[in-house]
Amino acid sequence: MFRRTIYDREILLLAVPAFGALIAEPLYVLTDRAIVGRLGTPELAGLAIASAILLSAHAVLIFLAYGTTGLVGRLVGAGSLKRAAEQGIAGVWLSVGLGIVVSLAMWAGSDWLVSLFDPEPEVAELALTYLRISLLGFTALLLGMAATGYLRGAQDTVTPLVIVVASAAANVGIELVLVFELDMGIAGAAWSTVIAQWGAAIAFAVAVARRARAAGATLRFVAAAARRYALVGAQMFVRTASLRGSFVLTTVFAAHIGTTEVASHEIALQVWSFFSLALDAVAIAGQAMVAKELGASRPEVARAASVRMIGMSIQLSVVFGAAVVLLRAPIAAIFSTDPDVVSLAGFLLLFVAFSQPVNAAAFAFDGIFIGAGDLGFLAWAMAGAAVGFSVVGGAVRLLDLGIGWVWAALVLFMCFRVAPQWVRFRGDAWLRTGES
């Protein structure tokens, strides 16, 4: 698990560009937090609430990326390149339709969604401003997700890297102008994200169209390919809704404690997300590589490569954890000038640091099982972990134990995830071969 193998080169060829793409996206999210944090603590708290809502919708629809990678990867492994392209095109069209419907629904219910967090009036108004503007880019975000899933399934992690890095750089430049030069405040931060998302969506659409034409596939909507998303979408919905529901609960608990607590929680949660997405690079390699090898009917290669990917992920997480422990004070100071927020965030970052190895194992297992198409197991395992967290987290809230105990419950939630994953991995039920 922790030694070099013959699979390292292929894993790294997939994981390193994916790492770059994944690290670029949270970097501009963290930049967003840092810029908004300079506006004030209420602005940062409002952004925390709006982000929790947007990320929850994004996570529920993550099957557009992860489901597409697994479906396309199996077809690529089996040599069915045209069908793989049609599957990717169907995902892109589906993302556009879902983006429009979900955006309109969230816009109509924006007041109610924000009220669920029971924020102070000023924070609620700021959250609504950011949320409503950001919804204009939600369809572009989903299109990018689906296109990325197709390209990764086709074993191409370089193109998403180029597009995401360019989008992230554009977002930072535009945001600095809108927020500080034009004095647009939190609205400027939201508009910069919308502009960057639509630029990336156009680039992704061009890349997907070129690859599909090269494979001889039509760019029209293929109903047969779209139907494959029905079961995948349902299973991924249970999995991601359980996951995001648990994280939203942590923000709800923090918001009930106070403004300083929710602002500090937002800083720690964004650093957690930053490292989670970085570790997801190995998980993405797992999605693509495991799907391809099982599609090519080579289960022994899929298992051996998976073992090494778990080891790589854990090794990387130890480095991340040590960095957070050493740099937690300056990291917290980047995002706020409020000394109380900085102090509390520095304490919460210790939970982020010491949970990294458990997180790494959970993410690696997720990537492996998604690539294998073992989504039914992931759905119910995640639901069980969420139930466990809601019980523990609810007890923390009822006993008014404070934000530190909320984070202790979150770490326990990750342990609830890993335990059944390890048991499943040791068996053979997930090693299903063939195109589907």
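This is a predicted model: local features need pLDDT of at least 70, side-chain atom pairs count only at pLDDT 80 or more; totals for chains, interfaces and linings use all residues.
Visitor: Why is helix α16 called roughly antiparallel to helix α17?

Guide: The axes of α16 (residues 375-398) and α17 (residues 403-426) cross at roughly 155°, and because angles over 145 degrees count as roughly antiparallel, α16 is described as roughly antiparallel to α17. Their axes come within 9 Å, and the crossing is right-handed.

Visitor: How do you know that α16 and α17 meet, and which residues take part?

Guide: Contact is taken as heavy atoms within 4.5 Å, and by that criterion residues of α16, including Phe 377, Met 382 and Phe 389, meet residues of α17, among them Trp 405, Phe 413 and Arg 417. The residues of this contact divide into 17 nonpolar, three polar and two charged.

Visitor: How is α9 placed against helix α7, and what kinds of residue make up their contact?

Guide: The axes of α7 (residues 138-153) and α9 come within 8 Å and cross at roughly 35°, in a left-handed crossing. In α7, Phe 138, Leu 141 and Tyr 150 are among the residues that meet α9, where the partners include Trp 198, Phe 204 and Arg 211; the residues of this contact divide into 13 nonpolar, four polar and one charged.

Conventions: Residues are numbered from 1 along each chain as its sequence is written. Side-chain values use heavy atoms; hydrogens and water are left out. Axes are lines fitted to C-alpha atoms, for helices over the stretch in contact, and angles run from 0 to 180 degrees between N-to-C directions. Helices (H or I, at least four residues) and strands (E, at least two) are DSSP runs, numbered from the N terminus. Angles under 35 degrees count as roughly parallel, over 145 as roughly antiparallel, 65 to 115 as roughly perpendicular and the rest as oblique. A crossing is left-handed if the near helix is turned anticlockwise from the far one by less than a right angle, and right-handed if clockwise. Ala, Val, Leu, Ile, Met, Phe, Trp, Tyr, Cys and Pro count as nonpolar, Asp, Glu, Lys and Arg as charged, and the others, Gly among them, as polar.
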